[in-house]
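Subject: Handover of the two-chain model

Hello,

I am passing this structure on to you. Please open it alongside these notes.

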Amino acid sequence: MKQLLENKNALGLLFMLPAGALLLVFLTYPLGLGTWLGFTDAKIGRAGEWVGLENFQFLIGDSVAQLSLFNTLFYTVVASVLKFGLGLWLALLLNEHLPFKSLIRAVVLLPFIVPTALSAIAFWWIYDSQFSVVSWALTRLGLIHQYIDFLGEPWLARLSVTAANIWRGVPFVAISLLAGLQTISPSLYEASSIDGATPWQQFWHVTLPMLTPIIAVVMTFSVLFTFTDFQLIYVLTRGGPLNATHLMATLSFQRGIPGGAIGEGAALAMLMVPFLLAAILFSYFGLQRRAWQQGGGDK
Amino acid sequence: MSQFKRRDFLKISAGLAAEAAGPLIWVKDAHAQWNSAPEKDARLRVLRWSRFVQGDIDQYMANVKKFEAKYGIPVRVDNESWEDVRPKAAVAANTGAGPDIILGTNDDANLYPDKLVDVTDLANYLGKKYGGFYAACEAYLRPDGKRWIGIPLGAAGSMMVYRESALKAAGFTSFPKDTDSFLKMMKALKDKGTPGGFALGHATGDANTWCHWLVWSFGGKMVDKSNKVVIDSPETIKALEYSRELYGTFVPGTLSWLDPNNNKAFLDGQISVTNNGISIYYAAKNSQDPKIKELVPDINHAEYPVGPAGVGTAFHLFLNQMIFKYTKYPKAAKEFIRFMMEEEQYGPWMQAGIGYVAHPLAAYAKNPIWTSDPKHTPYRDVVKNMRPAGYEGKLGYASAGALADFIIVDMVAEAASGAKSPKEAAERAQKRAERYYKV
């Protein structure tokens, strides 16, 4: 025993055991179970039988599932691009010398701190077809004569939920990028300005390359959060109108839990994995490349 | 096995014969006897849906206290949002652990009938004593026509809720009884600037109830008696064409409506007709806001109009009480349900919710809550007149899945809004439903 405890390798394994067990029980097992369920016709309350690829075959041909894939991609791409743009802009502004800097930084973080379900309820009122404050204000100003049907018209609903997601996600991107900005040594800016670089050139050749590693991490997270969003949609529309805002996550829930078809729901959730993996791989093998970070291209 | 079935059958047929011989009009049957001594040291856990109206839970808990005092059996009652009860109940059935009694909705019991305690004796007792259960109860809880797998609790009725003043202004003295005049009224209301509105978003309660009524009222249905999907039919298409016209009279925004939207819009005076439980009236009556309180004399209720099908086709949220086989105290559980269903408890409970939940037992139609305020009366017969979900097929995973996936609601919304033609919408619904009913 004593010998064992003095053995470096054995001790290492021993110390890793609790973490390993936690990962196994709370990550590997549920993921494995979910994968398995996707290949069965399990219902809630009834164990399923292996049906092979049947669930996937059905989902690929199912118009609602196809629409949810489109919605998810649209939601993720539009929201992520705008979150990145606005977040970076905000980070650059906050990095300047502003009065009440820390107060402003704290305020910026607010949308991220408020529980999503609560901010979603606020948006639900903002977008309400009868009580929307936006519509109310615009009618009062005489700019519109009929309330805007934010969540009732398919494309408007898609854009509205995307806007709510952006509102919530920008602070996360901004604050993380701000942290990244502050690690950039001022001497680089001094040196570049001595060389006569314009602010735009400084941004392009100093700030952006130095920021790339953190952008990679932040955007990976941002894309993952957006792709798997659930709460916002569930509170605002439950996937309506006409399934125009159903994301894969919300449809997977609707089919799997209230609908009872847990096998199909699991299969739908599994279909999200390739997209998520692609996002992660892009970030790790693409954005973290040293050549890219240093402003160069592929050799 | 076959022997068991036969014996079972004999026992049940005897029960049936006894029931058939019972009086049709309610007479408190002296022969309705109940003997089921609860197990010693029993304790019960009940999972129920959270209240829709405050009076419900207050009186329910008062009845629970009474039960505890009378039997010395502690009862723990947990509340969950009604849509969350279904998955919990299913997991409890599957894993064999959880609350002893679950108050579920719609076709829950049909998902795991073999996991539920046979309550035929209790159903027979209650039926005999209180004039029998209405027919829809049997579709839900006596699926094989023999064995009761749960005790009906009632249904949360969905009715037409309207403003009398608006109807009068539009030239209608009473609420239309057929779909043609209903459309005329909706058009007149729109012209007067007091439109109606019905939820077409994923509103589990409100959208499902009125969309099912609409399709059924024209003779459309999801499946036939053999569970064959027949939603893509000329009748359905007629219903969808009608929905297109009806939608033109709605207040803007109904495509996004979830369950609370119509309540808010109605109480704010923005719509003059919608479909809902009695909760709008309840909220107005109990409101502290004088503006909302003013609405009380103007609010009234009516049954859904009858369409070309020629019969009432309302759909309501059915509520049941299930005892799970894993319970250690099946007798105490039965005793609890019996106690709660007896007139001394059920009557005051129904009154406390001003009839939000309508009774499943014929005798309770005499309860004064249905006549003390004539505005309650339309909700009286909801269980008597309702059609079960998944009409006209058998209830089970397919009907539950199709309902939860909003197949009917999406179809009506697509056609009504003009996003798809009635034919396209019906075809799509057919395809989606066939998946659940596995063709």
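Below is what was found, chain by chain and then at the places where parts meet.

Bear in mind that this is a predicted model.

**Chain A**

Chain A is helical: it has 15 helices and zero strands. Its C-alpha atoms fill a box of roughly 80 × 70 × 40 Å along the principal axes. Of its 299 residues, 36% are buried. Among contacts with a separation of 6 or more in chain A, 68% link residues 24 or more positions apart.

**Chain B: two domains**

Chain B splits into domain 1 (39–149 + 317–380) and domain 2 (159–315 + 389–436). Their centres, taken over C-alpha atoms, are 28 Å apart. Domain 1 of chain B puts 18 residues into the contact, and domain 2 of chain B puts in 21. On the domain 1 side, 11 of these residues are nonpolar, four are polar and three are charged.

Look at S8(B), residues 317–323. Seven of its seven residues are buried, so the strand is largely enclosed by the rest of the structure. In a regular strand, side chains alternate between the two faces of the sheet. Here both faces are covered. One side carries Leu317(B), Leu319(B), Gln321(B) and Ile323(B). The other carries Phe318(B), Asn320(B) and Met322(B).

Which strands pair with S8(B)? S3(B), residues 101–105, is joined to S8(B) by five bridges and runs antiparallel to it. In that pair, Ile102(B) stands opposite Met322(B). S4(B), residues 151–156, is also antiparallel to S8(B), again with five bridges. There, Ile151(B) stands opposite Gln321(B).

**Chain B: the S6-S5-S7 sheet**

Three strands of chain B form an open sheet in the order S6-S5-S7, with antiparallel pairing. S6 (273–276) and S7 (299–302) of chain B stand at the edges. Each has a single partner strand, so one side of each is left without a neighbour in the sheet. The twist averages 35 degrees from one strand to the next. S5(B), residues 159–163, is joined to S6(B) by four bridges. Met160(B) faces Asn275(B) across that pair, standing opposite it.

**Chain B: helix H4**

H4(B), residues 120–129, is mostly covered, with eight of its 10 residues buried. Those buried residues include Leu122(B), Tyr125(B) and Leu126(B), but also Asn124(B), Lys128(B) and Lys129(B). After H4(B) comes Gly131(B), which has a positive phi, near 80 degrees.

**Where the chains meet**

How many residues does each chain bring to the contact? Chain A brings 29 and chain B brings 32. The chain A side divides into 11 nonpolar, 13 polar and five charged residues.

**The largest nonpolar core**

In soluble globular proteins, nonpolar side chains tend to be buried together. The largest nonpolar core here has 200 residues. The members that touch the most others are Leu236(A), Leu44(B), Ala155(B), Leu200(B) and Val412(B). H8(A), residues 154–182, gives the most to this core, with 10 residues. Domain 1 and domain 2 of chain B both give residues to it, so the core lies between them.

Beyond its neighbours within four places in sequence, Leu236(A) is in contact with Ala120(A), Phe123(A), Trp124(A), Tyr127(A), Leu151(A), Val161(A) and Ala164(A).

Best wishes

How values were computed:
Residues are numbered from 1 along each chain as its sequence is written. Chains are lettered from A and ligands numbered from 1 in the order in which they are written. Helices (H or I, at least four residues) and strands (E, at least two) are DSSP runs, numbered from the N terminus. A residue is buried if 20 or more other C-beta atoms lie within 10 Å of its own, exposed if 12 or fewer, and partly exposed in between; C-beta atoms are placed from the backbone. Two residues are in contact if their C-beta atoms, placed from the backbone, lie within 7 Å. Two strands pair if DSSP finds at least two bridges between them. Domain bounds come from an automatic or database domain assignment. Ala, Val, Leu, Ile, Met, Phe, Trp, Tyr, Cys and Pro count as nonpolar, Asp, Glu, Lys and Arg as charged, and the others, Gly among them, as polar. A nonpolar core is a set of buried Ala, Val, Leu, Ile, Met, Phe, Trp, Tyr and Cys residues joined through C-beta atoms within 7 Å. Axes are lines fitted to C-alpha atoms, for helices over the stretch in contact, and angles run from 0 to 180 degrees between N-to-C directions.
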